[in-house]
Amino acid sequence: MPFKYHAEHRHHIPKPRYRVTNWAEYDASLKRRGSLTVWFTDEAIQAWRAEPRTTPGGQPHYSALAITTALTMRMVFGLGLRQTEGLIGSIIVLLGLDLAVPDHSTLSRRGKTLEMPPLRRASSGPLHLLVDSTGLKLGGAGEWQIEKHGASCRRSWRKLHIGVDADSGEIVAVEVTRKEIDDAAMVDTLLEQIADPIVSFTADGDYDQGRVSQAVAERNPDATVVVPPRAGAVTSASAETAPTQRDRHLRMIAERGRMAWQKASGYNLRAKVEASIGRYKRVIGDALRSRTDQTEATEIALAAAALNRMLGFGRPNYVRIA
């Protein structure tokens, strides 16, 4: 990452300072993210009950909209399933609606098969994609055990793979896997979730693999792949006659240095995907509540959709002042 390269020599460089130019609008958007104003549209009331099924099997009482609404509120407010049932019930009573409340068992069961719509950007046009991954806690002893006993403890983890629009900051692709899965192995899965044409693909050195460039080129042949070559990387056999993007990156690094390459290639934009990961962990949390692969995928998709909706309320515009 750009702020870690030669970090031991960068202590004398002052931290840049920025000033928000639309503070009034941004301040109002932050308040809206915590607003408890809830209403049900006529369309939502009509769609609360499930449509009669025409195939053999049991008849569901609640539509996907009802289950999505309940599980989203559980995600945003950090509630258990029973507390979510109570929250939805109290809202329906306060609004005076004649709607049934899905119980906690139904929410748990339907969460395994809930089909989430793909993430879509508010804007259209070419996409500058930023990709990264992070760990989410699943179970095991907490940090206090380490502090108390002075030793590491066994903990289960899941890995969150995320793709972010560099222009808007919206999450456009998301996937959750076990911690052993390689980051580069999930690029193909993330790209399958994106319908817009990709102009550039930016990621850190863990994605410096041939299959990453191949996956991007298969879908977007003209896309620029901005991935820093690993230490000790060498050019390809055809570097002199038909250089690849990676060969050109290596040549620029050799001629001008890594920091100059980061600035010229736009690699520094990758800090935005790290900001999105930080936003996820601050708002949603750094742990998963679900315990099965199906419900974990649903939980991640709901969280990404909720964060995009919050981001749509307003974003800060800022300029550097020092």
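The model is predicted: local features need pLDDT of at least 70, side-chain atom pairs count only at pLDDT 80 or more, and totals for chains, interfaces and linings use all residues. Residues are numbered from 1 along each chain as its sequence is written, and side-chain values use heavy atoms, with hydrogens and water left out.

**Stop 1: helices H3 and H4**

Select residues 64-77, helix H3, together with residues 81-95, helix H4. Helices (H or I, at least four residues) and strands (E, at least two) are DSSP runs, numbered from the N terminus. The axes of H3 and H4 come within 9 Å and cross at roughly 115 degrees; axes are lines fitted to C-alpha atoms, for helices over the stretch in contact, and angles run from 0 to 180 degrees between N-to-C directions. H3 and H4 are therefore roughly perpendicular to each other, a term that covers 65 to 115 degrees.

Next, display the side chains at this contact (heavy atoms within 4.5 Å). H3 contributes Ala 70, Leu 71, Met 73, Arg 74 and Phe 77, while H4 contributes Leu 81, Thr 84, Leu 87, Ile 88 and Ile 91.

**Stop 2**

Remain on helix H4 and select Gly 89. Is Gly 89 buried or exposed? At 16% relative accessibility, Gly 89 counts as buried; buried means under 20% relative accessible area, exposed over 50%, partly exposed in between (1.4 Å probe, protein chains only).

Proceed to Leu 99, in the loop between H4 and helix H5 (104-110). Leu 99 is likewise buried, with a relative accessible area of 10%. Leaving aside residues up to four places away in sequence, Leu 99 touches Phe 40, Ile 45, Trp 48, Arg 49 and Ile 92.

**Stop 3: the nonpolar cores**

A nonpolar core is a set of buried Ala, Val, Leu, Ile, Met, Phe, Trp, Tyr and Cys residues joined through side-chain atoms within 4.5 Å. Select Ile 171, Val 174, Tyr 280 and Ile 300, which touch the most other members of the largest such core, a set of 22 residues. Strands S2 (127-140), S3 (155-165) and S4 (171-178), with helices H11 (271-283) and H12 (293-312), each supply at least two residues of this core. The largest share, five residues, comes from H12.

Centre the view on Ile 171: not counting residues up to four places away in sequence, Ile 171 touches Leu 119, Ile 162, Gly 163, Val 164, Ala 304, Leu 307 and Asn 308. Finally, select Leu 127, Phe 201, Val 216 and Val 227, which are among the 20 residues of another core, lying apart from the largest one.

Technical notes: Angles under 35 degrees count as roughly parallel, over 145 as roughly antiparallel, 65 to 115 as roughly perpendicular and the rest as oblique.
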